[in-house]
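Hi,

Here is the structure I promised to pass on.

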Amino acid sequence: KVNCIIVKDLSRFGRDYIQTGKYLRQILPSLGVRFIAINDNIDTLKESCNDLAVSLKTIINDAYSQDISKKIRSVLEEKRKEGLYVASFTPYGYQKSEENKNQLVIDQSAATIVKDIFKMKLDGMSAAKIADVLNEKGILSPVMYKKQNGYAYAKGGYITEDNAKWSATTILRILKNEIYTGTMVQGKKTTYNYKLKNIIKKPKTEWVYVENTHGAIISKQEFDLVQNILFLDTRTAPCQESVYLFSGLLICADCGSRMTRKTVTYKNKKYFYYYCPTGKKGCTSSHMIKEDELVACVLESVKKHISSIISLDNLLNSVEFERMNQSIVQKYGKEITEIEQTAEETKEFKSLLYENYIKGILPKEDYRMLKQEYTQKQEIAEKEISALNEKLEKELWHNRKEWIEHFKKFSNITELDRNAVIQLIQSVKIFDNKQIEITFRYQSEYEETVKLFKAKKEVM
């Protein structure tokens, strides 16, 4: 039906020199189609059409396309490193700022749902159950929410359905997205080059992370906790909406296997136990323990641990430890100031070198040698300053407050629920003699703080 194609210039028809050449020399002539590029003075019907000139133009057009692709990739990479949002579609819970399209702002309506999703997960619900709850409440899925509010969204796949629902996959995608902590995570995918559009996933080590680029919907602490939960065995109990109280947390002290909950019926009464399922294969016994005994023991241990942390916090807030903080600042501050002075002197000497070289006082070889020497001294000084600042931050007590506040929220705990267990306990080991060993969350931070506390007390 088509017998002639007319374009402004050859680049409007195609920039891939191989494909363009194939169309001009094989496909179009075989179909009897005439091709005209006005500005390039190309007309395949005329014998004057220079085949060599056409080949050169297609190669130049292809090279130009490649150059543009490299420049765009470079610009996007720089924007990612600066923490600017470069994707076309915003994650659920955020919108692009009216003032700056590369800046994310919180969408309060959707952000509330995101918070609920994380809370339900902390309460022990599976991803599938969370999706069911949201669907039952009539809450719009991310794509339907964007459709209804006129926001841009990705086309294709299940989202083209008129009434796409929440699914376990969608829930997991939200639970694993670090962007909700205020950290911009980009550069997860790329293409091979400007000609191939196949999407390839980049290794996590190559992702671009920039912290505090936008408002956080979920705290970093809560996000990390949910990531730990996702690794646990959290199968929902039969006919229940949430998982068992200790699901995924109980560990056999002998073989390291996860312990299993068992129901025993005796005289029409049900008793609940936890035992090691490996049995004779790897353990000397089943390490069986009653659930009510375990709950009582863990609750008492949790109360004592929180009480210990509160006492430690009171000591850290005392006047004598404030003075200790001041002495630490003075100690490191003096060292940092001395190195900064040395670095500043080195910088001045370096600038004088160039002046002497320009005036002809300093030979070129001496100038290069001394410049390199002063540059190395400056770099060493900067590294030493950075290392001292890190040590200072590590020893200051106020930086240890976040995990303390995490435990203080449960200071009035009277009974255990899944949320409290998950937030406070990392694992519980069960020994053969029914002895238990609890590893609390932030255990290393607690032990390090106690250690430093004792060390500083001895110094005083």
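This is a predicted model: local features need pLDDT of at least 70, side-chain atom pairs count only at pLDDT 80 or more; totals for chains, interfaces and linings use all residues.

Pro203 is partly exposed, with 41% relative accessible area. You'll find Pro203 in the loop that links strand S8 (199-201) to strand S9 (208-210).

Gln186 belongs to strand S6, which covers residues 184-186. Is Gln186 buried or exposed? With a relative accessible area of 6%, Gln186 falls under the 20% cut-off and is therefore buried. So what does the side chain of Gln186 reach? It gets to the backbone nitrogen of Val86, at 3.1 Å. A polar atom of the Gln186 side chain also sits 2.9 Å from the backbone oxygen of Leu84. Both Leu84 and Val86 turn up again among the residues in contact with Gln186 once neighbours within four places in sequence are left aside. That list also has Arg80, Tyr85, Ala87, Trp207 and Val208.

Most residues other than glycine have a negative phi. Asn41 is not a glycine, yet its phi is positive, about 55°. Asn41 is in the loop between strand S2 (34-37) and strand S3 (42-43). Its relative accessible area is 69%, so Asn41 counts as exposed.

The other one is Tyr442, again a non-glycine residue with a positive phi, here about 60°. Tyr442 is located in the loop between strand S15 (436-440) and helix H14 (443-459). At 23% relative accessibility, Tyr442 is partly exposed.

Finally, some numbers for the whole protein. There are 14 helices and 15 strands. Of the 460 residues, 37% are buried. If you take the contacts with a separation of 6 or more, 62% of them are between residues 24 or more positions apart.

Over to you!

Cheers

Key
Residues are numbered from 1 along each chain as its sequence is written. Side-chain values use heavy atoms; hydrogens and water are left out. Helices (H or I, at least four residues) and strands (E, at least two) are DSSP runs, numbered from the N terminus. Buried means under 20% relative accessible area, exposed over 50%, partly exposed in between (1.4 Å probe, protein chains only). A polar contact is a pair of N or O atoms within 3.5 Å; within protein, one must be able to donate a hydrogen and the other to accept it, and residues adjacent in sequence count only if both atoms are side-chain atoms. Contact means heavy atoms within 4.5 Å.
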